[in-house]
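Welcome! Here is a short briefing to read alongside the structure, taking one topic at a time.

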Amino acid sequence: MFEATCHCGAVRMKIAAQPPWLTLCNCSLCRRLGALWLHCHPAEVEFTAGADATKAYLQGDRTLEMHHCTTCGCTTHWSPVGNGDRMAVNARLIDPEAIAGLRVRHLDGAETFAYLD
Ligand SMILES: [Zn+2]
């Protein structure tokens with residue numbers, strides 16, 4: 001179980017997933033946001049606060065919503081448009097000690113969509 005909180009505390013999530021790794025992506029959006037992704041199933045994420053305190057940004061292909069806190073601006077998560085079975089929480093919102101043991105993998109989201117290791 002991980003807990004994620006944006007800087008101002010408006011958005012709070014509990015994540016029941018045990019991810020095998022965290023992901024850094026170099027796509028045009030992720031590299032700008034600097035997010036560290038914890039991928040999971042939407043059913044594994046519970047918003048304990050602020051489920052309606054984020055604003056979504058849809059990039060070109062409109063397949064996912066990139067959310068940020070409307071108060072402090074932190075990137076909080078992305079979720080699928082419609083009924084998808086994958087989402088990701090920004091692990092930068094989790095206590096660093098809680099994720100210290102997790103491997104970090106680099107995803108080439110800009111070109112091949114393969115992991116670079
Ligand atoms: Zn906030």
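Two residues are in contact when they have heavy atoms within 4.5 Å. Keep that in mind as you explore this model, which is predicted.

**The zinc site**
- Four cysteines hold the zinc ion through their SG atoms: C6, C8, C69 and C72, at 2.3 to 2.4 Å from the ion.
- The arrangement is tetrahedral because the 4 donor atoms subtend angles of 105 to 116° around the zinc ion.
- Along the sequence, the donor residues follow the spacing C-x1-C-x60-C-x2-C.

**The nonpolar cores**
- The largest nonpolar core has 20 residues, and M13, I15, L38 and I94 touch the most other members.
- Two or more residues of this core come from each of β1 (2-5), β2 (12-15), β4 (37-40) and β9 (87-90).
- Which residues does I94 contact, leaving aside its neighbours within four places in sequence? They are F2, E3, A4, I15, L38 and I99.
- There is also a second, separate core of 11 residues, including W37, M66, W78 and L107.

**The largest pocket**
- The largest pocket holds about 380 Å³ of space.
- Its lining is made up of 19 residues, and those nearest the centre are C25, L64, W78, L107 and F113.
- At least two lining residues come from each of β3 (22-25), β4 and β7 (64-69).

Note on methods:
Residues are numbered from 1 along each chain as its sequence is written. This is a predicted model: local features need pLDDT of at least 70, side-chain atom pairs count only at pLDDT 80 or more; totals for chains, interfaces and linings use all residues. Side-chain values use heavy atoms; hydrogens and water are left out. Donors are N, O and S atoms within 2.8 Å of the metal (3.2 Å for Na, K and Ca); water is not among the atoms, so sites may look incomplete. Four donors count as tetrahedral if all angles lie between 85 and 135 degrees; four count as square planar and six as octahedral if opposite donors are over 155 degrees apart and all others between 65 and 115; anything else is irregular. A nonpolar core is a set of buried Ala, Val, Leu, Ile, Met, Phe, Trp, Tyr and Cys residues joined through side-chain atoms within 4.5 Å. Buried means under 20% relative accessible area, exposed over 50%, partly exposed in between (1.4 Å probe, protein chains only). Helices (H or I, at least four residues) and strands (E, at least two) are DSSP runs, numbered from the N terminus. On a 1 Å grid over the protein atoms alone, a cavity is a set of points where a 1.4 Å probe fits but cannot get out, and a pocket is an open set with protein on both sides within 12 Å along at least five of seven lines; lining residues have an atom within 4 Å of a point. Grid points are joined across faces, edges and corners, and a volume is the space filled by probe spheres set on the points.
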